[in-house]
Amino acid sequence: MEKKDKMPHQISVEQSKLLGNALRIKIISVLQEKPLTSKQVSELLGNSPGSVHYHIQKLNDGGLIELVETKDSGGIIEKYYKAKSKWYQAKGGIELDPALSAENAQGYSTNLSLRLFLKEDERDRFLEDVKNLLEKWVKNSDLSNVDEMQEYAVGLRLVEVMKSKDH
């Protein structure tokens, strides 16, 4: 795995707001594999080309994806985009997705909390396992019937706890 995949890409608050949409997360996921056009992404996701194009423009304007190639195909300029990173972290410890703040919770909500004792390499493996699980669910989510689904925000914060005198 590349080093850039392990370290979250630092983003601004404005950029983090762009990630508060399941379709945009799915687009970023698809653009991890290889550069694609808006049309190719819409075909892969089963969404309307206009909607996907709109979200790709927002992600590109926000600096979360980048235009990596243009091709002339019979007088039509095809633009190929690639995601800049697989993982993002907002600067200054600000919540990446505003939907995760307690005051924005509507309907179903759950908090899971636990404490672990881990060595540094175990911590890294744990985070890798969590990332793989989240990526699996992003890849498996089918957005073609989004009207029949409910969007959920998922967040994880791993915090190092200062050792107490009891340990």
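Predicted model: local features only at pLDDT ≥ 70, side-chain atom pairs only at ≥ 80, totals over all residues.

Trainee: How many residues line the second largest pocket, and which lie nearest its centre?

Mentor: The lining consists of 13 residues, and T37, S38, K39, E78 and K79 lie nearest the centre. The volume of this pocket is about 230 Å³.

Trainee: How many helices and strands does the protein chain contain?

Mentor: There are six helices and four strands. Their order along the sequence is α-β-α-α-α-α-β-β-β-α. Among contacts between residues at least 6 apart in sequence, 67% join residues at least 24 apart. Of the 167 residues in the chain, 26% are buried.

Trainee: Which residues have the most contacts inside the largest nonpolar core?

Mentor: The general idea comes first: in soluble globular proteins, nonpolar side chains tend to be buried together. Here the largest nonpolar core has 20 residues, and I27, L31, V41 and I65 have the most contacts inside it. At least two core residues come from each of α3 (22–33), α4 (38–45), α5 (49–61) and β3 (76–83). Among the contributors, α3 gives the most, with five residues.

Trainee: Which residues does V41 touch, apart from those up to four places away in sequence?

Mentor: V41 touches I27, V30, L31, L36, V52 and I56.

Trainee: Which residues of α4 are buried?

Mentor: In α4 the buried residues are S38, V41, S42 and L45. They cover an arc of only 100 degrees around the axis, so they sit on the same side of α4. These buried residues pack against α3, α5 and β3. The face turned away from the buried side carries the exposed residues K39, E43 and L44. After α4 comes G46, with a positive phi near 75 degrees.

Trainee: How many residues has α6, and what distance does it reach from its first C-alpha to its last?

Mentor: Helix α6 (residues 120–140) has 21 residues and reaches 30 Å, close to the 30 Å expected at 1.5 Å a residue. In α6, E128, V130, K131 and E135 are buried. Seen down the axis, the buried residues of α6 fall within an arc of 165 degrees, so they line one face of the helix. The exposed residues D129, W137 and N140 are carried on the face turned away from the buried side of α6.

Trainee: Why is Q32 classed as buried?

Mentor: The class rests on relative accessible area, and buried means under 20%. Q32 has a value of 17%, and is therefore buried. Q32 belongs to helix α3. Beyond its neighbours within four places in sequence, Q32 is in contact with K82, A83, S85 and K86.

Trainee: What is the relative accessible area of K58?

Mentor: The value for K58 is 34%, which means that K58 is partly exposed. K58 is placed in helix α5. Its contacts, leaving aside neighbours within four places in sequence, are with L18 and R24. K58 and Q15 are 43 residues apart in sequence, and their C-alpha atoms are 9.8 Å apart in space.

Note on methods:
Residues numbered from 1 in each chain as written. Heavy atoms only, no water. Core = buried A, V, L, I, M, F, W, Y, C linked by side-chain atoms within 4.5 Å. Buried < 20%, exposed > 50% of the residue type's maximum accessible area, 1.4 Å probe, protein only. Contact = heavy atoms within 4.5 Å. Expected span 1.5 Å × (residues − 1). Arc of directions from axis to C-beta. 1 Å grid on protein atoms, 1.4 Å probe; cavity = no way out; pocket = protein on both sides within 12 Å on 5 of 7 lines; lining within 4 Å. Points joined across faces, edges and corners; volume = space filled by probe spheres on them.
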